[in-house]
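Please go through the points below with the model open alongside.

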Amino acid sequence: MQRLEVLARQLTAGAAVEDRTPLLATKEDYNQMYQRSIQDPEGFWGEMALGYHWERKFPARGHMAANTDVRRGPVSIQFFAGGTTNLSYNCLDRWVAAGRGEQAAIIWEGNDENERRTVSYRELLAEVNRLSNWLKSRGVKKGDAVTIYLPMVPELPAAMLACARVGAVHSVVFAGFSADSLAQRMVDCNAKVLLTATGVMRGSKPVLLKTIADDAVKLAAKAGQETSSLLCLEVANALAAADTPWNPVRDVWWHTAIPIQSAECPPTWLEAEDRSFLLYTSGSTGKPKGVVHCTGGYMVGVGVSCRYLYDMRPGDVVFTTADCGWITGHSYLAYGPLLCGCSAVIMGGIPTHPDGGRAWRMVERYKVRQFYTAPTLLRSLLQLGDAWPRQSDLSSLRVLASAGEPMNEHAWHWFHEVVGGSRCPVVDTWWQTETGNAMMSPLPCNWFLAKAGSAGVPFFGVCPVLLDPTTGNEICATEAEGVLALRGVWPGMMRTLHGDHERFESVYFAPYKGYYFTGDGARRDADGHYWITGRVDDVINVSGHRIGTAEVESSLTEHPDCAEAAVIGVDHALKGQAIYAFVTLRGHVQAGDAMRKLLLDHVRKSIGPFAVPEVIHWAPGLPKTRSGKIMRRVLRKIASGQEKELGDISTLAEPGVVEMLIKLRGK
Ligand code: ATP
Ligand code: MG
């Protein structure tokens, strides 16, 4: 207990950057804290929350309440009730007051490597205040939704923080979505204010965001949703202000409206359970859901996970390659690092532009300590060869983090050995938009034995259980495999789906009564480490043998000639289902029957004959969402020749891939 208080105090503003005392020095430390978080969540999180500023303190007891059992009534979750706080205050004012005003809050590089900007904590606070005042002048009040459709520039996190400051609920829409997708999201949350930019260069391609935003506003109006204000940021190189289509009644230039605002704006103190933001999930499994996150719980969940899982301390330089349009960008690029007093590195362009060394040069330039990425990006960087990371001095790196998809062994080793020089822990965390913060993870501690491809152990307050998919019963044996569900609640958890509490209950709490259903399958090994086997709907049943698509995929990608693989199940007259694999070969490798045989033999040896794909479909590229996830429902349609019924593919990064795959079927 005493120890916890000390740790909580370390989380507060003044902690010195040199203080590198390991937070979980021994396995016992972890066990003790973890057990406490499960046995007494209210007390545990109450103490953890002391590391943040509360304008009105929540009571030590009675602040937490939850029902996750649909049989007992509506699902509801609350933490820190009675307390008031503000996320932007905890991200900014607190650090300025602690003497970190001149430290970089954001270090930004654009698409062009020579475009660079550093924004100090003091400057960021002033910009956030000006934006907050502008939002207020436009009538935005606590609880109102604001849609943000901006490229990766420092103004994007500033806009998020400004919403947080005035209590507006932001909905960041990735600036690669189409007008349709943007409109759909604006209508769903009734956003009257839209923040956007003239455009952005992506690689060598300009994307005209304002034009897309205009189209979205028109589409939204058709659906009865009027946008009263549109704030537009001029982004150099993309499109000149003079050439930008303009609606003088509705549109306002950032560079004229914001600088004239006052740089002072007191935060609006929010109840812990007041809404903080909405985020629509990527939609790799259907119609996007508006996940709702609240103020206090999200702040504590994200802040504490940054400290314990990624070892973020004040002054650290954190480079997260995710876009703010995704949950990783919210939790571990914008809010998390700032809650910890770190400097957040943002890359405006793509990591392979102008060449494969871009990300590594940035690591060297800014002495990045934590590098946080996703397997899809790792695989594309890895394909470009070891020479790129070797050209840069990566010795500042201490923690290598990843999330979003299973990491295959090959990528894990490359990350660990080539990027991290076998020095840095690889923190491959499993979590979801819905969970708010990381849920299961290897620990960045010397004593922790990380295993390539495993999502490690549960974070504080997380109680994973494996359920039998047919009976729904909990499987108690340590070594087991089943449907991954979570018992209990944690502060960072979503509270509802916007406008559809019923869907929230039916998707997450009805399938297995009394548990939060993750949609993923997992295996627990003898050491209690978890291995994500893929989504449960991605389990293929071949002649009664159940196998996760992720397992077959990782076997295929173990083969040195295979760059990427996506596996789905297709109906089969005899076997029930058969395995169908889409395979992308490395650049220099020739597709053909000889190659096919090599891959099949490899799977046969590594998993067993039952896992050998029935079909290998050559795929120069795979249909992915803009966050880099493979859209399996599209692959299923292509494999079964139902390309007329592809459904909504507006979230596809490169729609052209679909045509190409259809042509290659049977080749
Ligand atoms: P949608 O819910 O709309 O289909 P999504 O699930 O792709 O979208 P996210 O919330 O970003 O959107 O992703 C969470 C999912 O990503 C998890 O449920 C899991 O399937 C996968 N995932 C995340 N991290 C890991 C990891 N470290 N290892 C394996 N899988 C992971
Ligand atoms: Mg999901």
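1. F44, W45, Y308, F459 and F460 make up one aromatic cluster. Rings of Phe, Tyr and Trp (its six-membered ring) are paired if their centres lie within 6.5 Å; planes under 30 degrees apart are called stacked, over 60 edge-to-face, and the rest tilted. This is a predicted model, in which local features need pLDDT of at least 70 and side-chain atom pairs count only at pLDDT 80 or more, while totals for chains, interfaces and linings use all residues. Residues are numbered from 1 along each chain as its sequence is written, chains are lettered from A and ligands numbered from 1 in the order in which they are written, and side-chain values use heavy atoms, with hydrogens and water left out.

2. Across the whole structure, the search gives 35 aromatic pairs. For W45 and F459 the ring centres are 6.5 Å apart and the planes stand at 55°, so this pair is tilted. It joins distant parts of the chain, 414 residues apart: W45 sits in helix α3 (residues 41-48), and F459 in the loop between β22 (457-458) and β23 (463-467). Helices (H or I, at least four residues) and strands (E, at least two) are DSSP runs, numbered from the N terminus. Both W45 and F459 are buried, where buried means under 20% relative accessible area, exposed over 50%, and partly exposed in between (1.4 Å probe, protein chains only).

3. P458 lies in strand β22 and is buried, at a relative accessible area of 8%. Apart from neighbours within four places in sequence, P458 is in contact with Y30, Y34, M439, M440, P464 and Y530; contact means heavy atoms within 4.5 Å.

4. Two charged side chains lie over ring faces. K57 is over F58, at 3.9 Å from the ring centre, and R117 is over W108, at 5.8 Å from the ring centre. The rule asks for NZ of Lys or CZ of Arg within 6 Å of the ring centre and within 35 degrees of the ring normal.

5. How many disulfides are there? The count is 0, taking a disulfide as a pair of cysteine sulfur atoms within 2.5 Å. For C232 the nearest cysteine sulfur belongs to C163, 16 Å away; C232 is buried, with 0% relative accessible area. For C324 the nearest is that of C91, 12 Å away, and C324 is also buried, at 0%.

6. R358 is in helix α12 (residues 358-366). Is R358 buried or exposed? Its relative accessibility is 0%, so R358 counts as buried. The R358 side chain reaches the backbone oxygen of N111 at 3.0 Å and that of H353 at 3.3 Å. A polar contact is a pair of N or O atoms within 3.5 Å; within protein, one must be able to donate a hydrogen and the other to accept it, and residues adjacent in sequence count only if both atoms are side-chain atoms. Not counting residues up to four places away in sequence, R358 touches several residues, including E109, D112 and E113.

7. T320, in strand β16 (residues 317-320), is buried at 2% relative accessible area. The T320 side chain reaches the backbone oxygen of Y332 at 2.7 Å.
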